[in-house]
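Open the model in your viewer and keep the selection panel to hand.

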Amino acid sequence: MSKPDEMGLTREAADGYEAFFVPAIFHQWPPVLIAAAQVGRGEDVLDAGCGTGVLTRELTGRVGDGGSVTGFDLSESMLDVAKVQCPAATFRQGDVAELPFDDCSFDVVFSSFMLMFVPDPVKALSEMGRVLRADGRLIVSVWEGLENNVVYRNLVEAAREIAGIDAANSLAWPFTMGDSGSLESIFESAGMEDVVISHHDGKARFPSVDEFVSTEVQAWLLSDSIERHQVEAMVTQLRTTYLPFQNAVGAVSFPLNARIGAVNKSS
């Protein structure tokens, strides 16, 4: 196994993210985000927190030869996969709270399902605003809170009961900015006005309850503290809970809803 990077991720973990989470969850969101930003040909675009480049690769076709797309991420492992998936883009490694770009460098900046993992999201948003040109667009997506994503709420509750509070908090982490007012407050603290927040319905699809639970648990750094028998107990409990979301062969399909914040930078 390869050596963990700055985020504690290995190349194998990044390959797993691309193989499992992109087709199960993330592949559907680039068209939604690109439409929200109205990305046009010839524009310079930054994908901040690009991961394995699921959005980045769609952007390169949208901006054409006259534009540019830069993918930026803290994880070298994620970037290694992104470079293979999207050779037409430029990639940089670093901290989104300290972007290594000049003021007014981009027409559009995206933060796709990343902001909730940043220690200082207000500073990160401020940096994204700094590198935007006048009349540029900033688009931020986060998951709705657990009250609006019931399948993940069930997963968190099962983890709390079977594996403890640390495991539950880890699984709940991606949904912490989806509560009413949270995203708006972060934009306001970053000095951004006239933010439009919209709700978007998505779907997640996994081959089975077993693969859904195992994949989610193994995706987190706390997974080493969850014993295999605990994962199996969670699967057993959730098979019944998730019956309404399973088809005849046991595949799971369920709503996974998001919020998108959009702001235009004033001239």
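**Stop 1: the second largest pocket**

The second largest pocket holds about 240 Å³ of space. Bear in mind throughout that the model is predicted.

To find the middle of this pocket, select Gly191, Met192, Asn264, Lys265 and Ser266, which lie nearest its centre among the 14 residues of its lining.

Next, colour helix 5 (121–130), strand 5 (132–143) and strand 9 (258–264); each of them supplies at least two residues of the lining of the second largest pocket. Which of these elements gives the largest share of the lining? Helix 5 does, with three residues.

Now colour the lining of the second largest pocket by residue type: five residues are nonpolar, five are polar and four are charged.

**Stop 2: helix 6 and helix 7**

Select residues 150–162 for helix 6 and residues 165–172 for helix 7. Their axes come within 7 Å and cross at roughly 165°. Angles over 145 degrees count as roughly antiparallel, so helix 6 is roughly antiparallel to helix 7. The crossing of the two helices is right-handed.

Show side chains at the contact. On helix 6, pick Leu155, Val156, Ala159 and Arg160; on helix 7, the residues they meet are Ile165, Ala167, Ala168, Leu171 and Ala172. Colouring the contact of helix 6 with helix 7 by type gives eight nonpolar residues, no polar ones and one charged.

Methods: Residues are numbered from 1 along each chain as its sequence is written. This is a predicted model: local features need pLDDT of at least 70, side-chain atom pairs count only at pLDDT 80 or more; totals for chains, interfaces and linings use all residues. Side-chain values use heavy atoms; hydrogens and water are left out. On a 1 Å grid over the protein atoms alone, a cavity is a set of points where a 1.4 Å probe fits but cannot get out, and a pocket is an open set with protein on both sides within 12 Å along at least five of seven lines; lining residues have an atom within 4 Å of a point. Grid points are joined across faces, edges and corners, and a volume is the space filled by probe spheres set on the points. Helices (H or I, at least four residues) and strands (E, at least two) are DSSP runs, numbered from the N terminus. Ala, Val, Leu, Ile, Met, Phe, Trp, Tyr, Cys and Pro count as nonpolar, Asp, Glu, Lys and Arg as charged, and the others, Gly among them, as polar. Axes are lines fitted to C-alpha atoms, for helices over the stretch in contact, and angles run from 0 to 180 degrees between N-to-C directions. Angles under 35 degrees count as roughly parallel, over 145 as roughly antiparallel, 65 to 115 as roughly perpendicular and the rest as oblique. A crossing is left-handed if the near helix is turned anticlockwise from the far one by less than a right angle, and right-handed if clockwise. Contact means heavy atoms within 4.5 Å.
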